[in-house]
Every structure is written in structure tokens, then in C-alpha cells.
Amino acid sequence: MRKAFIKHVKGFPWLTNVTLYGCLFAGGDFVHQSFSRNEEMDWRHTRNVAVVAFSFHGNFNFFWMRVLERRFPGNSVRMVVRKLFLDQTTAAPLATSVFYTGVSFLEGKEDIFQDWREKFLNTYKTGLMFWPFMQFLNFSLVPLYMRTTFTGCCAFVWATFLCFSRQSGDGTATAALAWMFTPKQGTTTEPEAEKPGPKLDQTGPKLDTEGPKQDSPSPKEETRTPTVKQDDQA
């Protein structure tokens, strides 16, 4: 199966790489919405993300990888560093900008640059903690005909972050981590209901500190009045 896949990629490099990249990128939005546990899936947003991924990101990455390889051929450390530097200073900011403005355009927003102005810089900084390591592996170990597919696998994770940042985040990794590890609504555990049954008095036996009580007179003794005999007066 692996040989058949590689043969297909070599036979149809553009179609296979761009298709896989677009599907994986759109899958990132699906994962984001699944983790968000929304009441309903926003398939229109997933469609917009897929359109941007297929029309720009997949195609751009496919030809960009070939431009870099022709300009800096080989996988020596010197060539890899050059390709990596050019990729992160040119392709990365361009791809991030197209995502924010492209999805906003497809949604019909009046100001399609609003998300870009508010979140681009933070997103680019966060990308510098992820993409240089992924692309170093890509340029060093992955053959040219598979590089767009490898980038698509990495973009699956990155698209999940991008979709979160665009909808509810600010482009920082801190906000994404807080979203991941904060309990969502409806996931809080309720305390166990008290089981029915006799309640035990846990206060313990009460000590009698007042001492023995004296017997109180009965009611008959209280109402009885002594009778006194009167002596006859002499």
C-alpha cells in the first residue's frame, strides 16, 4: 500500500499533494469545532477554510517547495538553513495573511482586514515556535515529491490553532493552551446525590452533667392541704 501511494504521488504529484494538503487543512477546522463542543457544526466555516486551503495554500506550497529546491538544491546544513530562513520570512507571513483575509472575504465581512490587524503579529510569533522545527525536518529528510504532503500533515495541527485564533483566540499559544485545558461547559461533575436511608447521629452520646434530678411532688400532694383539729375552748 505504501508503494502504491508513493507511485501515485510520483505519477500525479500536483493533484495528490494539493488534495491531501487541502483535506488536512480543512480537517483542522473540523477538529477545532469538535473540541469546542458547539451545539451544531458550522459547515459553512469549514467550507470557507477548505476553499482557502485548496485555492491558495496547497497550490502555493507545492510550487514554493520547488522554487526553494531549485534555488538552494540539496539537504546540506547550509542549504537547509537558507531555505528555512526564506520560508519563515516570506511564505509564513504570506500564508497567515491569506488565511485571515481569505476566510473573512468568503464570510462577507465589511472589513476583511480586521482579524489580520488584531491577530497577525501574535499568530506569526506563535508560528515561529512550531514551523521552523517542522520545516527543518521537511527540508532535511523528506523528498521533494512528498514535501507538500508532509507540510499538510503539519498544517492539520496548525489549522486547528488558526481556526481557534480566528474565532475566539488572539493568536497566542497561551490562549490556545488555556482553551485546551479549561473544562468546557457541561463537563463539570456534579456532586453525588445523597443516598436515601436512615441518618445516623454522629454527635455521639450526650453526657448528663446536671446530676440526678430530685423527684418532684405529685399533683395530688401539692393540692392536699393539712387538716388541723381545733381544740375545744375551755
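Me: Contact means heavy atoms within 4.5 Å of each other. With that in hand, what covers the buried residues of H6?

Reply: Keep in mind that this is a predicted model. Helix H6 spans residues 131-141, and its buried residues are Trp131, Pro132, Gln135, Asn138, Phe139 and Ser140. Their cover includes H3, H4, helix H5 (114-127) and H7.

Me: Thanks! How do I read a pair of aromatic rings?

Reply: You describe a pair of aromatic rings by the distance of the centres and the angle of the planes. Rings of Phe, Tyr and Trp pair if their centres lie within 6.5 Å; planes under 30 degrees apart are stacked, and planes over 60 are edge-to-face. That rule gives 15 aromatic pairs here. Take phenylalanine 60 and tryptophan 64: their ring centres are 5.8 Å apart and their planes meet at 15 degrees, so this pair is stacked.

Me: Where do phenylalanine 60 and tryptophan 64 lie?

Reply: In an α-helix there are 3.6 residues a turn, so residues three or four places apart point the same way. Phenylalanine 60 and tryptophan 64 both belong to helix H3 (residues 43-71) and are four residues apart, about one turn of the helix.

Me: Does tryptophan 64 count as buried or exposed?

Reply: Buried means under 20% relative accessible area. Phenylalanine 60, at 22%, counts as partly exposed, while tryptophan 64 counts as buried at 12%. For another geometry, look at phenylalanine 99 and tyrosine 100: with centres 5.6 Å apart and planes at 65 degrees, they form an edge-to-face pair. Phenylalanine 99 is buried, at 0% relative accessible area, and tyrosine 100 is buried at 0% too. Ring pairs link Phe99 and Tyr100 with Tyr21 and Phe25 into a cluster.

Me: Which residues of the largest nonpolar core touch the most other members?

Reply: The general idea is that in soluble globular proteins, nonpolar side chains tend to be buried together. The largest nonpolar core here has 20 residues, and Phe25, Val49, Phe99 and Leu162 touch the most other members. Two or more core residues come from each of helix H2 (13-36), H3, helix H4 (77-106), helix H7 (147-167) and helix H8 (173-181). H7 gives the largest share, eight residues.

Me: What does phenylalanine 99 touch?

Reply: Leaving out residues up to four places away in sequence, phenylalanine 99 touches Phe25, Val49, Val52, His57, Leu162, Cys163 and Arg166.

Methods: Residues are numbered from 1 along each chain as its sequence is written. This is a predicted model: local features need pLDDT of at least 70, side-chain atom pairs count only at pLDDT 80 or more; totals for chains, interfaces and linings use all residues. Side-chain values use heavy atoms; hydrogens and water are left out. Rings of Phe, Tyr and Trp (its six-membered ring) pair if their centres lie within 6.5 Å; planes under 30 degrees apart count as stacked, over 60 as edge-to-face and the rest as tilted. Buried means under 20% relative accessible area, exposed over 50%, partly exposed in between (1.4 Å probe, protein chains only). A nonpolar core is a set of buried Ala, Val, Leu, Ile, Met, Phe, Trp, Tyr and Cys residues joined through side-chain atoms within 4.5 Å.
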